[in-house]
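Hello,

Here is the structure I promised to pass on. Please open it alongside this note, and my findings follow below.

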Amino acid sequence: MADLIKVGMADYKVGRSPSTLISYGLGSCIGVSLYDPQKKVGGLLHIMLPDSTQARKSDNPAKFADTGIPLMINDVIALGASKSRLVAKIAGGAQMFAFSNSTDIMRVGTRNAESCKQILKRNGIRVIAEDTGGNYGRTVQIDLATGVYKVKTIDRGEKNI
Amino acid sequence: MIDEFNLTPTQLDALREIGNVGAGNAATALSQVINKRIDMNVPKVALIPIEDVPELVGGADKLIVGIFLRVYGKAPGNILFIMPKESAYYMVDDLMGRPHGSTKTLNEMDVSALKEVGNILSGSYLNAFFHFTNISMVPSIPSLAIDMAGAILNIVLVQLGQMGDHAMVIETKFLAEDDSVNGHFFLVPDPGSLTTLVKAVGVE
């Protein structure tokens with residue numbers, strides 16, 4: 001049995017084959033995975049918010065898309081990945097509770113997804129798969145032996161993206 | 001202005017007392033709804049790292065029913081009442097006059113009944129709170145979700161996450177005398193509201 005490495009909220013982990021990185025119970029948060037298929041190394045980041053510049057000072061860069069993604073890219077490269085081979089997959093960004101007056105907070109899931117894609121693009125990394133939106137939670141895991149990104153839900157089964 | 005991330009023991013006690021009064025009233029209301037004695041613990045008032053909050057309810061992937069209400073007024077915040085799925089089903093059976101164990105999934109009426117429970121609990125919590133502090137607060141219409149604890153807690157944590165790395169939660173655990181129903185009631189004041197709350201009970 002290969003190791004299962006848990007990634008908490010506002011945290012990230014990197015690793016290599018045959019480990020699997022897993023993050024439980026994402027709502028409006030996003031699980032961003034990075035993978036180098038040749039070296040079989042990658043990472044998983046669980047962000048909560050789109051933009052650190054719109055928040056008060058934080059000691060935790062992994063909480064935000066704009067500060068967390070570059071940090072994970074560096075760590076994955078340090079494990080031997082090549083930036084040009086890295087591919088990203090993202091999942092999460094739901095709106096768990098419906099309210100008629102959708103404030104910015106309610107739509108944070110959508111903003112998270114947009115921000116992640118923008119930051120990845122700015123860093124020259126392709127997003128090759130995405131499972132975002134909806135009103136349900138997700139548990140995500142990336143198998144570093146294959147790069148398969150599994151998205152599990154309560155009522156909507158699971159899928160590999 | 002008090003330092004919300006560094007409260008004194010007296011200030012924490014004041015918040016605990018607010019939680020006690022509010023939750024005591026809510027527990028009474030809940031026991032009338034399901035016609036059973038409800039015990040509650042002394043409210044836990046703690047500043048905890050945001051990423052640890054899902055652990056309070058048994059882990060981020062635990063399946064729960066969450067009823068969420070926004071609180072408006074001088075000390076705005078959020079109320080989240082969460083229960084294991086089994087507790088919610090048991091309560092729905094009671095409310096709908098069905099034998100226990102009948103509910104397998106929640107239909108529209110069941111969801112509406114549970115939201116009403118959320119309304120009653122929040123109303124009694126905030127009402128007690130008003131008598132204690134003279135701060136009047138109004139809850140929004142409740143919203144309900146059945147999903148992973150981590151996903152449900154996101155809505156509260158995201159707002160706090162914008163302001164800092166820690167969450168101040170006033171949490172009370174409910175338990176029916178026969179263990180049939182249990183739940184957690186969270187009052188999560190917005191950053192800035194703590195100052196108002198602490199001052200309202202006469203502690204500076």
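D61(B) counts as buried because 21 C-beta neighbours lie inside 10 Å of it, and the cut-off is 20 or more. Bear in mind that this is a predicted model.

Where does D61(B) sit? Its place is the loop between strand 2 and strand 3 (63-73) of chain B. Setting aside neighbours within four places in sequence, D61(B) touches Y24(A), G25(A) and T139(A) from chain A, plus M148(B) and G150(B) from chain B. From D61(B) to L144(B) is 83 residues in sequence and 17 Å in space, C-alpha to C-alpha.

Now the contact between the chains. Chain A puts in 29 residues and chain B puts in 26 residues. On the chain A side, strand 3 (residues 20-26) gives the most, with 3 residues. That side of chain A has 17 nonpolar, 8 polar and 4 charged residues.

Next, helix 2 of chain A. This helix covers residues 108-122, 15 residues in total. Its end-to-end C-alpha reach is 21 Å, close to the 21 Å expected at 1.5 Å a residue. Its buried residues are V108(A), G109(A), N112(A), A113(A), S115(A), C116(A), I119(A) and L120(A). The face turned away carries the exposed residues K121(A) and R122(A). What do the buried residues of helix 2 of chain A pack against? Strand 4, strand 5, helix 1, strand 6 and strand 7 of chain A, together with helix 4 (149-161) of chain B. After helix 2 of chain A comes G124(A), with a positive phi near 75°.

Then helix 1 of chain B. This one runs over residues 9-34 and has 26 residues. It reaches 36 Å from first C-alpha to last, close to the 38 Å expected at 1.5 Å a residue. Among its buried residues are Q11(B), A14(B), L15(B), I18(B), G19(B) and G22(B). Their cover includes strand 1, strand 2, helix 3, strand 7, strand 8 and helix 5 of chain B. Just after helix 1 of chain B, N35(B) has a positive phi of about 60°.

Last, confidence. The model scores ipTM 0.86 and pTM 0.87. Chain B averages a pLDDT of 86, and 98% of the residues score at least 70. Within chain B, confidence is lowest in strand 2 (residues 44-49), at a mean of 82. It is highest in strand 6 (residues 143-148) of chain B, at 92.

Best wishes

Note on methods:
Residues are numbered from 1 along each chain as its sequence is written. Chains are lettered from A and ligands numbered from 1 in the order in which they are written. This is a predicted model: local features need pLDDT of at least 70, side-chain atom pairs count only at pLDDT 80 or more; totals for chains, interfaces and linings use all residues. Two residues are in contact if their C-beta atoms, placed from the backbone, lie within 7 Å. Helices (H or I, at least four residues) and strands (E, at least two) are DSSP runs, numbered from the N terminus. Ala, Val, Leu, Ile, Met, Phe, Trp, Tyr, Cys and Pro count as nonpolar, Asp, Glu, Lys and Arg as charged, and the others, Gly among them, as polar. pLDDT is the predictor's confidence in each residue, from 0 to 100. The expected span of a helix is 1.5 Å times one less than its number of residues. A residue is buried if 20 or more other C-beta atoms lie within 10 Å of its own, exposed if 12 or fewer, and partly exposed in between; C-beta atoms are placed from the backbone.
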